[in-house]
Amino acid sequence: MRSVRPRRWAAGLLLIPLLSGCFASGGSADPKAGSGEGRRLRVALAFPPSESFSPYGADATLLSRLGVTEGLTKLDGNGAAAPALAESWTKENARTWQFTLRDARFQDGTPVTASAAAAALTHAAQASPAPAALSGVSLTAEASGDRRVRVTTATPDPVLPLRLAGPSLAVLSPQAYGKKGAADPVGHATGPFTLTKVNGSTSAALDRFDDYWGGRAQASGIDARFIADGTARANALRTGEEDIAEALPFAQAASLAKGTGREVPTARTTSLYLNTASGPFTDPKLRAAARAAIDTSVLAKNVYEGYADPGQGIFGPALTWAAGKREQPTGRAAAAKTTGATVRLATYDNRPELPEVAQVLQQQLEKAGFKVTLTVRESSRIEGDALAGKFDAFVGARNTMLDTGDPVSVLASDYTCDGTYNMARLCDKAVDQAVATADAIGDPEKRQDAAMAAEARILGTDAVVPLVHQRNILGVSAAVSGVLLDPYERTVVATGTRR
């Protein structure tokens, strides 16, 4: 275990406060400011595309970060729904909303019409597996005029505008959709940059979309590389090979040039998910024993070197409303003796701290009497196995506001019987009821109260052990301005990003 380093608030990192009303940026945010040809941006991303840039899975976030795709709405800095392709919306009744589109064009030159937007949402609703933003939600969409889209849900959905901000609900042109339901975003999206070339999981090229409704981007394009190794990303930034590098290792922070490391508070929680459907952790008493064996303060101080807080729950301190509403976990089993139970622990290395977190957990669990084997692979090669239950325990980092911006929705997708991102494979009737109760509430504050009650139910199963609530370090060259420091990790570049 390496020694704790002092935090260097002034030396190399810029601390950006969370939820300040808009995302922090290093330059002009005026979408109309772009002129001239501009220089191409070189961006190093931690996660490669794992689904051929399908907008319905994990790759949706890559498309969003690179400024390729948009939905009807987006999240503002306070986590509220804000206009995107829809300039306004109204609630007609408990199940029906009407969205009015702005004047915009797809990257293939065709106009964004109500029928095209409705068709895009219909394709997303019919995708299998369902996008995380639609976990437990059934919706239909239809044109109700040239510029109006009516969206109806099977049951009341008080946060539909938030849900439609999810990256997986991007609006693509009719030409994007194949006969078998596949969606191709290349040249068919609406964002300021259009994908022109994809080199597998290695790199991608994007050009500026000159007819973007929000104004011409100042950069002429983007050359993106997918570099799983965090030290390699930091070195590429340091040597000038890259202009922007995401998710840099905290151990690299002190060696970055002054002002190039931007510390971004996030809603991301690193957790240990225990497989409740097969293996030793089907026994709640063994799950309790594993939870009791873990010291999260060691992880925050030593592995994250102070750039994280010890795990408090599924929702961390970046969501300022959560702390005052948190409830004690209910229904926890008493910890049993481990009796040498063998545990298959796994994680991925795209986020550089996770393998070290897993090694520390391995030591702590072994000290408690478990026998632990550890597997580390790249995320696209291990996530599917984890979801399929091929491991007993999995260490993952999850931005709880990434998919919808709604706390109840992430609980539904990650911890209910029908959840589409249920790493713990949890199926508990009391949890499902608590989440369903929360999902029926429209008042934002009462919905938060109910979400925290559901969190207590989930934590009571010991299916998940929150480890740390982390901050990210985004590397930005001194020559670059206008990078978005997004606490929800949905955006990095925009029209005002330039060098």
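Start by selecting H6 and H7: their crossing is right-handed, meaning that the near helix is turned clockwise from the far one by less than a right angle. Helices here are DSSP runs (H or I, at least four residues), numbered from the N terminus. This is a predicted model, where local features need pLDDT of at least 70, side-chain atom pairs count only at pLDDT 80 or more, and totals for chains, interfaces and linings use all residues. Residues are numbered from 1 along each chain as its sequence is written, and side-chain values use heavy atoms, with hydrogens and water left out.

H6 covers residues 296-303 and H7 covers 353-367; they pack at about 140°, axes 11 Å apart. Axes are lines fitted to C-alpha atoms over the stretch in contact, with angles from 0 to 180 degrees between N-to-C directions. Show Val298, Leu299 and Val303 of H6, then Glu353, Glu356, Val357, Val360, Leu361 and Gln364 of H7, to see who makes the contact (heavy atoms within 4.5 Å).

Next, pick H10 (429-439) and H11 (444-460), whose axes come within 8 Å and cross at roughly 170°. That makes the pair roughly antiparallel (over 145 degrees). On H10, the contact residues include Val431 and Val435; on H11, Ala451 and Ile458 are among them.

Now colour Leu411: leaving aside neighbours within four places in sequence, its contacts include Phe315, Val435, Ala451 and Ile458. Leu411 is also among the residues with the most contacts inside the largest nonpolar core, which has 82 residues. Such a core is a set of buried (under 20% relative accessible area, 1.4 Å probe, protein chains only) Ala, Val, Leu, Ile, Met, Phe, Trp, Tyr and Cys residues joined through side-chain atoms within 4.5 Å.

How values were computed: Helices (H or I, at least four residues) and strands (E, at least two) are DSSP runs, numbered from the N terminus. Angles under 35 degrees count as roughly parallel, over 145 as roughly antiparallel, 65 to 115 as roughly perpendicular and the rest as oblique. Buried means under 20% relative accessible area, exposed over 50%, partly exposed in between (1.4 Å probe, protein chains only).
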